[in-house]
Amino acid sequence: MPPRNRGTRSDMAPFPVQELKDIHPAPPPGLSLLAWIAIIALLALIPLVIWMGIRWHKNAPFRKASKELASIATSSSDEMFGSELNRWLKQTALLIWPREEIAALHGKSWLEFITQHGNTDFVSFSANWESWVYGSRPVPDDTQKLLIERARIWLKNLPRNKTC
């Protein structure tokens, strides 16, 4: 079959330049899928950040109590250790239970309350507690360490959702 004659430039009709239209740019691209995912993720994080802020605020007294306990452990004299620890225990208990309930407790009943509500054993110190608290006898160093450790456990086990 003979080749088809496509014609030459001279055979073609000239294209009128007047009929050319302006080229319109495409509309700006919309938000891409990744942008939508980022926006949704940020919106989902807002309640989490709010919840964390509320929790941080609610735990502030317990963080303060932990710092005070560390201060008692490092800077308390042997003679004042018992009274300072007892004061700390009472102040910390007042974060959760009403004053009327805590104020009436002292001595062995106070140690039983702490033991019952903190999953620690403070009752074993009841024989010496009064003399330590009121300063007639200093608390031995090894007992101080044991009391601080039990106080830390007590603080950790306190209910955080019940506050006065």
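Predicted model: local features only at pLDDT ≥ 70, side-chain atom pairs only at ≥ 80, totals over all residues.

Biologist: Great. How many helices and strands are there?

Modeller: The protein has 7 helices and 0 strands. Helices (H or I, at least four residues) and strands (E, at least two) are DSSP runs, numbered from the N terminus.

Biologist: And how much of the protein is buried?

Modeller: Buried residues make up 26% of the 164 residues. Buried means under 20% relative accessible area, exposed over 50%, and partly exposed in between (1.4 Å probe, protein chains only).

Biologist: Let's take α2. Which of its residues are buried?

Modeller: Those are F62, A65, L69 and I72. They cover an arc of only 70 degrees around the axis, which puts them on the same side of α2; the arc is that of the directions from the helix axis to the C-beta atoms.

Biologist: Why would residues spaced like that point the same way?

Modeller: An α-helix has 3.6 residues a turn, so residues three or four places apart point the same way.

Biologist: Nice. What's exposed on the other side of α2?

Modeller: K64, K67, T74 and S75 are exposed there.

Biologist: And what covers the buried residues of α2?

Modeller: The cover includes α1 (33–58), α3 (81–93) and α7 (141–157).

Biologist: At what angle do the axes of α2 and α3 cross?

Modeller: They cross at roughly 175 degrees and come within 10 Å. Axes are lines fitted to C-alpha atoms, for helices over the stretch in contact, and angles run from 0 to 180 degrees between N-to-C directions. That makes α2 roughly antiparallel to α3; angles under 35 degrees count as roughly parallel, over 145 as roughly antiparallel, 65 to 115 as roughly perpendicular and the rest as oblique.

Biologist: Which residues make that contact?

Modeller: From α2 they are A65, E68, L69 and I72, and from α3 they are F81, E84, L85, R87, W88, Q91 and T92. Contact means heavy atoms within 4.5 Å. The residues of this contact of α2 with α3 divide into 6 nonpolar, 2 polar and 3 charged. Here Ala, Val, Leu, Ile, Met, Phe, Trp, Tyr, Cys and Pro count as nonpolar, Asp, Glu, Lys and Arg as charged, and the others, Gly among them, as polar.

Biologist: How do α3 and α6 pack?

Modeller: Their angle is about 100 degrees, with the axes 7 Å apart. That makes α3 roughly perpendicular to α6. G82, S83, L85, N86 and L89 of α3 meet W129, W132 and V133 of α6, and this contact of α3 with α6 has 5 nonpolar, 3 polar and no charged residues.

Biologist: Is N86 buried or exposed?

Modeller: N86 is buried, with a relative accessible area of 13%. Leaving aside neighbours within four places in sequence, N86 is in contact with W110, W129 and V133.

Biologist: Last one: where does T120 lie?

Modeller: T120 is in the loop between α5 and α6, and T120 is buried at 8% relative accessible area. Beyond its neighbours within four places in sequence, the contacts of T120 are I114, T115, R150, I153 and W154.

Note on methods: Residues numbered from 1 in each chain as written. Heavy atoms only, no water.
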